[in-house]
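Take a look at the model below. The paragraphs after it go from the overall fold to a pocket and then to one residue.

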Amino acid sequence: MNEQALLISAKEVEKEIKTALLDKDMSQKELTELIGEKSTPQVNRAIKGDMSPKSIRIREKIYTELNIEK
């Protein structure tokens, strides 16, 4: 996958998560607490598509809590 495709994919994931948050009237801080994380900035990086192993694990928790299929 080239760089442009990665950027597009990351934006799609971000949009999907943010839409789910809006639908549930939930902030990223509330989401951070719900999934048992301590760092809202780390959760934000995960939402924005960071590919570190920690961000991937956080996204998996987010998908589960927000009922997003991936």
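What follows starts with the fold and its dimensions.

This is a predicted model: local features need pLDDT of at least 70, side-chain atom pairs count only at pLDDT 80 or more, and totals for chains, interfaces and linings use all residues. Residues are numbered from 1 along each chain as its sequence is written, and side-chain values use heavy atoms, without hydrogens or water.

The protein has four helices and zero strands. Helices (H or I, at least four residues) and strands (E, at least two) are DSSP runs, numbered from the N terminus. In sequence order the pattern is α-α-α-α. The C-alpha trace spans about 35 × 25 × 20 Å along its principal axes.

How much of the protein is buried? Of its 70 residues, 33% count as buried, meaning under 20% relative accessible area, with exposed over 50% and partly exposed in between (1.4 Å probe, protein chains only). Contacts (heavy atoms within 4.5 Å) come next. Among those with a separation of 6 or more, 49% join residues 24 or more positions apart.

Now the largest pocket. Its volume is about 200 Å³. Of its 10 lining residues, Leu6, Ser9, Ala10, Gly49 and Met51 are the closest to its centre. A pocket here is an open set of points on a 1 Å grid over the protein atoms alone, where a 1.4 Å probe fits, with protein on both sides within 12 Å along at least five of seven lines; lining residues have an atom within 4 Å of a point. The volume is the space filled by probe spheres set on the points, which are joined across faces, edges and corners. Helix H1 (residues 3–23) gives the largest share of the lining, six residues.

Last, Asn67 sits in the segment after helix H4 (53–66). Asn67 counts as exposed because its relative accessibility is 62%. Its C-alpha atom is separated by 25 Å from that of Ala5, 62 residues apart along the chain.
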